[in-house]
Amino acid sequence: MESEDYKRYEFKKALEELKDLHGRGTELISLYIPPDKQISDVVQYLREEYSTSSNIKSKSTRKNVLAAIESIMSRLKYYKQPPETGLVFFVGHIATRGDQTEMYTKIIEPPEPIQTFMYKCDSNFHLEQLESQLKEKDIYGLIVIDRKEATVGFLKGTRIEVVDYEQSLVPSKHHQGGQSSRRFERLIEIAANDFFKKIGEIANNAFMPLIKDINAVFIGGPGATKEYFLEKDYLRNEIKQKVKDLFDIGYTDESGLRELVEKASESIKDMKISREKDIINRFLREIKKPEGGLGVYGEDAIINALKSKNLDLLIISDTLKKRRYTYKCPVCNDTKTFTEKPRETPLCDKDNSEMELVDEDDLVEDLYKLADEAGTNVVFVSEDSDEGRLIKTAFGGLAGIMRYVPAIAP
């Protein structure tokens, strides 16, 4: 059974593929069918479009558009009604080498329901509705503040985004010559109030447009300033109600946001970044054990553990992109394998014939199939956190935790 992480990975990969495709003319059809749309209504709409497209002046464009519409209608015969989230067709003749084109079809059942019926014929596929579904849902508001400076930002999934950093004009509290202590204290409080108002406005303007999507707001800083800032009326009530916790931290610049996230992730375990950190730290503890523990990494070691059904957890960097392209000579059957698709058709070393692409493998897909057969849990981690970056840079984007330490042959 596919995990939500893997479905998201496949969905994201499909959109990346579609984004790179182009037609010679307005020959690529994007068809979005919401779940409540009747298939019979869609077919009728396509028949009308077919009639209209018969008048296209360009012979090749007319031929290709009509072929695409026919292809969609023939495929719709297999659906009594759209799936729960709707259906999206991307069909048309895409540009290949030189002035050649080839028919392309991609049918997607999106992770979230399609909201609007749409039919577009263009030189590229329209992905806007689907791209909006990739937006991170795990969103937190972040504020770090003291009297000298403050930073406002977001935690989106495992990625920290800085909205604004501001330094205050609040003078230090040591007494200035020529001014009475009371008057000087009053000037300090006026300057502090103005600074807090400014930070409140920045936070209000940043958080309010997303208030329904924000899971919680965290506020941090040294001393009692954060409590004072929250208690007064600098933040709108809707934001105050989202404040889940306050944390004592040492910094109030961008590094303070990272420290705030670190503290929050330690105490609130249902955050995406908390779950990710726990998984990666568990793996790191295993490989630090004297005998290597249950930790395993590297493509060959991971594949061997999966094939022997000894991998309990597979950790994959969501930026890992590894493909294998196998070409075969039609004359002598010799083969060549590439990890990147050649820009030009490779030639056979033996008889100089043009080779043909016969197989294209995605490493992540292959690993997921092996994991499914072995009953292995699969987790995709981002490179936004320090731990996630470590999996990518130090372990090649692949790591795992075994069920048991394999016996060493005598």
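Author: Buried means under 20% relative accessible area, exposed means over 50%, and partly exposed lies in between, with a 1.4 Å probe and protein chains only. This is a predicted model, in which local features need pLDDT of at least 70, side-chain atom pairs count only at pLDDT 80 or more, and totals for chains, interfaces and linings use all residues. Residues are numbered from 1 along each chain as its sequence is written, and side-chain values use heavy atoms, with hydrogens and water left out.

Reader: Why is Asn333 called partly exposed?

Author: The relative accessible area of Asn333 is 48%. That value falls between the 20% and 50% limits, so Asn333 is partly exposed. Asn333 sits in the loop between β12 (323-328) and β13 (335-338). Helices (H or I, at least four residues) and strands (E, at least two) are DSSP runs, numbered from the N terminus. Phi of Asn333 is near 70°, positive in a residue other than glycine.

Reader: What makes Lys309 partly exposed?

Author: Its relative accessibility is 46%, so Lys309 falls in that class. Lys309 lies in the loop between α10 (299-307) and β11 (311-317). Phi of Lys309 is near 55°, again a positive value in a residue other than glycine.

Reader: Why does Leu311 count as buried?

Author: The relative accessibility of Leu311 is 0%. Buried needs a value under 20%, so Leu311 qualifies. Leu311 belongs to strand β11.

Reader: Which residues does Leu311 touch, not counting those up to four places away in sequence?

Author: Contact means heavy atoms within 4.5 Å. By that test Leu311 touches Val296, Ile302, Ala305, Leu306, Thr376, Gly400, Ile401, Met402 and Arg403. The C-alpha atoms of Leu311 and Tyr404 are 8.3 Å apart, although 93 residues separate the two along the chain.

Reader: How do you know that the span of helix α2 agrees with expectation?

Author: The expected span of a helix is 1.5 Å times one less than its number of residues. Helix α2 (residues 39-53) has 15 residues, so it should span 21 Å. Its end C-alpha atoms are 21 Å apart, which agrees.

Reader: Why are β7 and β9 placed at the edges of their sheet?

Author: The open sheet has five strands in the order β7-β6-β5-β8-β9, with mixed pairing. β7 (159-167) and β9 (243-248) each have a single partner strand, so one side of each lacks a neighbour in the sheet. The twist averages 15° from one strand to the next.

Reader: How do you know that β5 and β8 pair?

Author: Two strands pair if DSSP finds at least two bridges between them. Six bridges join β5 (residues 139-145) to β8 (residues 214-221), so they pass, and they run parallel. Ile143 has Ile219 in β8 as its bridge partner.

Reader: What makes β12 and β13 a pair?

Author: Four bridges link β12 and β13, in the antiparallel sense. Tyr327 stands opposite Lys336 in β13. The open sheet here has three strands, ordered β13-β12-β14.

Terms used. Axes fitted to C-alpha atoms, helices over the stretch in contact; angles between N-to-C directions.
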